[in-house]
Amino acid sequence: MMAEEFEPKIVAFLCKWCSSAGSDLAGVSRMQYPANVLPITVMCSGSVSPLYILSAFNKGADGVLVSGCHPGDCHYIKGNYYARRRIALVKKLLEFFGLEPQRFQMSWVSAAEGTKYREIIKDFVQEIKPLGPQTKLRRNV
Amino acid sequence: MKRTGVFICHCGINIAGTVDVKKVAKELAKHPGVTHAEDYVYMCSDPGQNLIIDAIKEKKLDKVVVACCSPTLHESTFRNTSKSGGLNEFQCEIANIREQCSWVHKDMTKATEKAIKITKSAVERVQKNESLEPITVPVTKRALVIGGGIAGIQSALDLANSGFEVVLVEKNPSVGGHMIQLSETFPTLDCSQCILTPKMVEVSKHPKIRLLTYSEVQEVSGYVGNFKVKILKKPTYVDPDKCTLCDECTKVCPVVVPDEFDLGLTGRRAIYIPFPQAIPATYTLDIKNCPGLLPIACGKCADVCEPEAIDYDMKPEIIEEEVGAIIVATGYDLYDKEKMAEYGYGKYANVLDGLQFERLLSASGPTLGKILRPSDHKEPKEVVFIQCAGSRDPEMHCPYCSKICCMYTAKHAMLYKHHVHDGQAYVFYIDIRSGGKDYEEFVQRAVEEDGVVYLRGKVSKIFEEKGKIKVWGVDTLIGKDIEIDADMVVLAMAMRPSQGAKELSKKLKIAIDKDGFLSEAHPKLRPVESVSSGFFLAGAAQAPKDIPEAVAQASGAAAKAITILSQERLHHAPTVAKVKPNLCTGCGMCVLVCPYEALSLKNGKVEVNEVLCEGCGTCSATCLRAAIEVRNFTPLQIHEMIRSSLGG
């Protein structure tokens with residue numbers, strides 16, 4: 001019963017220039033997707049510190065998404081390359097902690113990819129639902 | 001305690017239809033630090049903005065959050081509103097509850113809950129915002145125009161005639177673009193060369209324009225108002241000042257290659273002038289096809305050149321220019337012929353594309369304006385024109401409409417009839433799109449006066465049989481198969497962004513859309529600007545368009561560029577990196593990752609060059625000691641935003 005009713009809380013760090021604009025396009029195109037994702041627009045995926053990701057899990061996120069411009073298309077030239085390297089390390093760290101790897105994802109969504117944004121959100125929510133709430137890194141309150 | 005005001009916009013029913021705006025206001029009113037929360041039907045309207053200004057004054061608000069559409073639309077609107085109310089503009093933040101909430105959800109309870117969280121998150125952020133004043137920088141009052149087709153020429157002339165210096169860069173040996181290849185232009189049938197060559201001459205002679213042909217932009221650095229550009233000027237091996245255009249060199253050159261200007265319908269030598277009216281009027285030695293620059297390998301052209309204009313030792317030159325604004329007018333190319341195998345293009349000599357047919361029609365073309373089949377130089381008596389060759393075909397080719405083909409096909413069919421009175425023209429079409437001044441009348445004229453037969457349907461197969469080109473198609477209006485024994489087939493090939501436009505967009509760091517055309521900042525309200533400030537778009541590089549539209553956009557882009565160039569100083573966003581010197585250990589990791597070379601080490605601490613910093617925050621994510629952060633995007637703010645997003 002729990003698995004059916006569980007609505008995961010997901011924090012999505014979207015870069016302002018591509019992914020946030022892509023999610024705006026999904027909106028303009030009236031594409032429907034689950035309401036589980038709370039977007040936080042940042043200037044660049046390269047500005048997403050590992051601490052933000054840990055902070056989100058610590059504060060009760062069931063999943064975290066970091067989305068930036070496609071490699072090579074970064075508004076800030078190379079911020080997303082730094083993000084890609086950093087995120088790979090964070091992913092390993094989280095797996096080492098024992099967190100299910102599905103709970104943390106990175107994607108590339110351009111300003112023209114409203115459809116891709118919707119698909120990513122839909123898939124992400126579907127993948128996390130069976131896992132139930134994230135408790136590994138959640139601060140006990 | 002902060003005194004934050006929260007204003008929730010209904011956006012008619014765009015937000016209020018899915019989000020319970022009253023509930024959002026009620027919930028936000030309870031949020032710590034919020035002293036005022038209200039909703040209104042259109043917050044961006046004049047009464048809506050006045051409501052915010054009045055609330056700031058009456059309730060003594062020091063922070064404002066507007067929950068409305070995407071910040072890309074109205075962030076600046078509401079920041080100016082807050083400023084009118086007496087606040088610093090950075091004390092206003094936007095909560096995007098339309099594009100990222102009401103428009104993408106249907107369940108009112110869930111959407112309302114999400115809107116509350118998004119708005120609370122914006123409240124948390126604004127409460128820790130610093131008041132900032134814009135950083136101002138001087139403006140270089142010159143412009144760069146990339147692309148010397150009609151759009152680039154028009155932009156350059158408009159800028160130069162307004163008193164600004166212009167650097168016009170063209171990759172080919174001559175300016176003129178595709179327009180100079182055309183025969184006559186719809187709907188007036190005036191000669192393309194006759195109307196364009198005076199403008200080409202004007203750009204080359206204008207005292208304010210530096211024309212760099214056979215040149216390519218290699219690198220662009222800097223920012224709006226102050227760009228540094230490196231341009232590669234390829235060697236032509238001919239000194240234009242000495243060249244007398246005597247044409248002796250081409251007579252002795254042993255190499256013949258397909259002529260680009262005539263789209264392969266004729267040949268040219270390795271040393272050539274693209275067309276007689278080329279600007280600059282000089283020859284170019286095409287090094288790719290020349291047997292060798294060493295006189296020992298060939299050297300025939302230099303031997304016969306009396307004025308000694310040919311210089312085999314000419315070297316590529318890197319030209320550095322400083323400009324304040326950049327107009328990108330890189331134009332279009334036709335869709336790759338290899339991709340249109342189903343229409344026999346490239347396989348059968350008598351299947352041509354629209355530009356090749358323009359050359360046949362042109363009085364200065366390979367046939368001197370006579371319509372002759374490339375295979376046997378006979379006059380074709382039945383010609384089939386196929387529209388949408390590659391356009392409007394999302395499964396196989398380009399999904400978009402190339403926009404100009406309906407009109408130029410009507411023109412082609414009409415001009416064909418003017419040349420071959422006893423000939424018959426057929427046009428296969430999906431729809432006729434003839435929106436534009438006198439355009440519909442033009443198409444009607446083709447049908448009524450020139451007897452062009454329009455067949456609504458697609459062509460399924462083209463093949464050669466007994467010297468004819470068999471065209472199998474269908475007329476969907478009468479529901480019958482059509483079979484035509486044609487002498488020539490002309491394909492209205494799709495337009496696509498010009499070759500190299502994608503690489504250039506990366507160098508310029510400007511966005512392109514899914515089809516590779518340059519993206520405008522707003523599809524309706526900012527059609528000639530790129531999202532990246534200081535870059536403007538003109539002509540078919542942005543989307544397929546005809547000559548009048550390209551010219552209009554080019555003038556628009558020039559006018560927009562002038563809004564920058566005419567200013568003494570420009571504002572630069574002050575949301576830049578800030579160092580906490582007591583935490584900085586001078587490790588220099590942030591200096592290494594900064595894409596703008598805005599950071600440097602001085603006396604063991606990092607310093608920020610605020611003019612160069614774009615505020616991307618890569619430094620902040622790299623610093624192990626949280627000693628560097630972006631103003632108004634600090635880690636503390638992000639942590640608070642995460643907390644309220646998760647309902648904490």
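**Cysteines and cavities in a predicted model**

Reader: Why is C101(B) called buried?

Author: Its relative accessible area is 0%. Buried means under 20%, so C101(B) counts as buried. Keep in mind that this is a predicted model.

Reader: Is C590(B) buried or exposed, and why?

Author: Buried. Its relative accessibility is 9%. The limit for buried is under 20%, so C590(B) qualifies.

Reader: How many disulfides does the structure hold over all chains?

Author: Two.

Reader: What makes C18(A) and C69(A) a disulfide?

Author: Their sulfurs are 2.3 Å apart. The cut-off is within 2.5 Å, so the pair counts as joined. A disulfide is a covalent bond between the sulfur atoms of two cysteines.

Reader: Where in chain A do C18(A) and C69(A) sit?

Author: C18(A) is in the loop between strand 1 (10-15) and helix 2 (19-28). C69(A) is in the loop between strand 3 (63-68) and helix 4 (79-97). The two are 51 residues apart, so the pair links distant parts of the chain. Both cysteines are buried.

Reader: Why is the C18(A) and C69(A) disulfide called right-handed?

Author: The torsion about its S-S bond is about 95°, so it is right-handed.

Reader: How do you know that C191(B) and C194(B) are joined?

Author: Their S to S distance is 2.3 Å. That falls within 2.5 Å, so the pair is a disulfide. The torsion about this S-S bond is about 85°, so this disulfide is right-handed.

Reader: Why is C191(B) called partly exposed?

Author: Its relative accessible area is 26%. Buried is under 20% and exposed is over 50%. The value falls in between, so C191(B) is partly exposed.

Reader: How many cavities of 30 Å³ or more are there, and how much space lies in the largest?

Author: The count comes to seven.

Reader: Which residues line the largest cavity?

Author: There are 13. C584(B), C587(B), C590(B), C623(B) and A627(B) lie nearest its centre.

Reader: What is the make-up of the lining of the largest cavity?

Author: Nine residues are nonpolar, three polar and one charged. Cys and Ala count as nonpolar.

Terms used. Residues are numbered from 1 along each chain as its sequence is written. Chains are lettered from A and ligands numbered from 1 in the order in which they are written. This is a predicted model: local features need pLDDT of at least 70, side-chain atom pairs count only at pLDDT 80 or more; totals for chains, interfaces and linings use all residues. Side-chain values use heavy atoms; hydrogens and water are left out. On a 1 Å grid over the protein atoms alone, a cavity is a set of points where a 1.4 Å probe fits but cannot get out, and a pocket is an open set with protein on both sides within 12 Å along at least five of seven lines; lining residues have an atom within 4 Å of a point. Grid points are joined across faces, edges and corners, and a volume is the space filled by probe spheres set on the points. Helices (H or I, at least four residues) and strands (E, at least two) are DSSP runs, numbered from the N terminus. Buried means under 20% relative accessible area, exposed over 50%, partly exposed in between (1.4 Å probe, protein chains only).
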